[in-house]
Amino acid sequence: MPSYAFPIIDLSPWHAGDGRREVAASVRTACETTGFFAVIGHQVPVETIEAMRSSSRAFFDLPVARKMEVARPKPEQNRGYHAEGTETLARLAGNESPPDYKEVFAIGPPDVPDGDPWYHDLPGAYPNYAANLWPTDPPGFKAAWRAYWSAMEVLQDTVCRVFATSLDLPEDWFARHLARHCSMLRALNYPAQLHPPGPGQLRAGEHTDLGMLTILKNEAADGGLEVRDVAGNWHVAPVVEEGFVVNIGDLLMRWTNDRFSSTLHRVANPRAGGGARRLSIAYFVAPAYDSVIKCLPTCQTSDWPAKYAPVTVAEYRNARFARTAAA
């Protein structure tokens with residue numbers, strides 16, 4: 001299977017302030033074609049990435065009983081440990097398959113104010129601000145995850161400012177929607193496959209992402225991310241060691257009236273046998289749950305009217321994600 005030529009976009013000119021239009025133009029082209037691109041020059045410290053990776057691997061290396069101490073409380077809560085066999089991402093695309101060959105640990109916003117009804121009581125607040133579950137081992141796990149979350153919030157802001165510029169909107173257009181965002185951070189451990197996958201079983205079934213965008217840190221190991229092109233062909237996504245892979249989610253596709261593409265993707269099984277373990281770290285950007293997703297003013301004309309009815313983030317996202325959990 002050939003490798004797919006994702007654009008690799010350097011954010012350094014954006015941060016320097018002397019090449020913002022050029023960066024935005026490159027991102028716009030990627031979003032209107034593949035829906036995927038990689039970013040370098042992102043300013044996320046290497047130490048933050050490596051601490052996140054090492055703490056996540058150490059957690060997944062714990063005995064199952066220890067990991068189950070922080071098991072996901074309810075199907076609709078993307079929190080805590082999701083054991084192997086408890087999630088089927090193909091359901092996001094309305095399909096059925098055997099459960100994904102992976103295990104997950106996930107958190108949401110780590111600093112939710114106590115006593116504020118917007119976060120706890122209003123319709124749509126749950127499960128977007130459900131409490132996080134933190135394991136007691138390995139040491140330093142919580143600190144590493146919180147540091148990575150903070151770095152992703154900064155990168156999220158940068159990328160969304162690039163998006164706004166690429167769409168001929170004020171640079172801070174998305175900022176009000178992300179001020180109280182309900183993003184999610186997940187570490188996905190694809191273990192060595194000690195027994196053959198079942199018919200149609202993948203490390204993660206084909207799907208599109210539900211949120212606004214995804215920022216992925218993957219690694220070079222057999223059996224990884226694959227992306228489907230408009231002709232229906234699957235391509236191996238390259239690993240950009242010094243960068244992150246970014247892809248468009250369903251909410252941004254709806255916001256842009258299909259101008260930006262939310263592309264089907266999957267995680268393949270190892271091709272050289274079952275011995276390749278793989279760790280991916282995915283940050284799923286989601287605006288505030290009460291943000292109304294309706295066609296952007298620069299993405300509709302009299303000849304290209306809005307295709308989608310307005311919908312809140314909670315209405316679109318909550319029920320669809322709950323479908324992915326095992327019954």
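Guide: Leaving aside residues up to four places away in sequence, threonine 165 touches Trp14, Arg21, Ala24 and Glu171, where contact means heavy atoms within 4.5 Å. The model is predicted, with local features needing pLDDT of at least 70 and side-chain atom pairs counting only at pLDDT 80 or more, while totals for chains, interfaces and linings use all residues. Residues are numbered from 1 along each chain as its sequence is written, and side-chain values use heavy atoms, with hydrogens and water left out.

Threonine 165 is part of helix H6; helices (H or I, at least four residues) and strands (E, at least two) are DSSP runs numbered from the N terminus. Its relative accessibility is 9%, so threonine 165 counts as buried (buried is under 20% relative accessible area, exposed over 50%, partly exposed in between, with a 1.4 Å probe and protein chains only).

The axes of helix H2 (residues 20-33) and H6 come within 8 Å and cross at roughly 85°. Axes here are lines fitted to C-alpha atoms, for helices over the stretch in contact, and angles run from 0 to 180 degrees between N-to-C directions. H2 and H6 are therefore roughly perpendicular to each other (65 to 115 degrees; under 35 is roughly parallel, over 145 roughly antiparallel, the rest oblique).

On a 1 Å grid over the protein atoms alone, a cavity is a set of points where a 1.4 Å probe fits but cannot get out; a pocket is an open set with protein on both sides within 12 Å along at least five of seven lines, and lining residues have an atom within 4 Å of a point. Points are joined across faces, edges and corners, and a volume is the space filled by probe spheres set on them.

The largest pocket has a volume of about 200 Å³. Its lining has 15 residues, and Pro109, Asp111, Trp149, Glu153 and His181 are the closest to its centre. Helix H6 (residues 141-166) gives the largest share of that lining, 4 residues. By class, the lining is 9 nonpolar, 2 polar and 4 charged.

The second largest pocket, of about 170 Å³, is lined by 11 residues, with Arg228, Asp229, Val230, Thr263 and Leu264 nearest its centre.

The largest cavity holds about 500 Å³. Leu89, Arg186, His207, Asp209 and Phe284 are the closest to its centre among the 34 residues that line it. The most comes from E12, with 5 residues. The lining of the largest cavity divides into 18 nonpolar, 10 polar and 6 charged residues.

Notes
Ala, Val, Leu, Ile, Met, Phe, Trp, Tyr, Cys and Pro count as nonpolar, Asp, Glu, Lys and Arg as charged, and the others, Gly among them, as polar.
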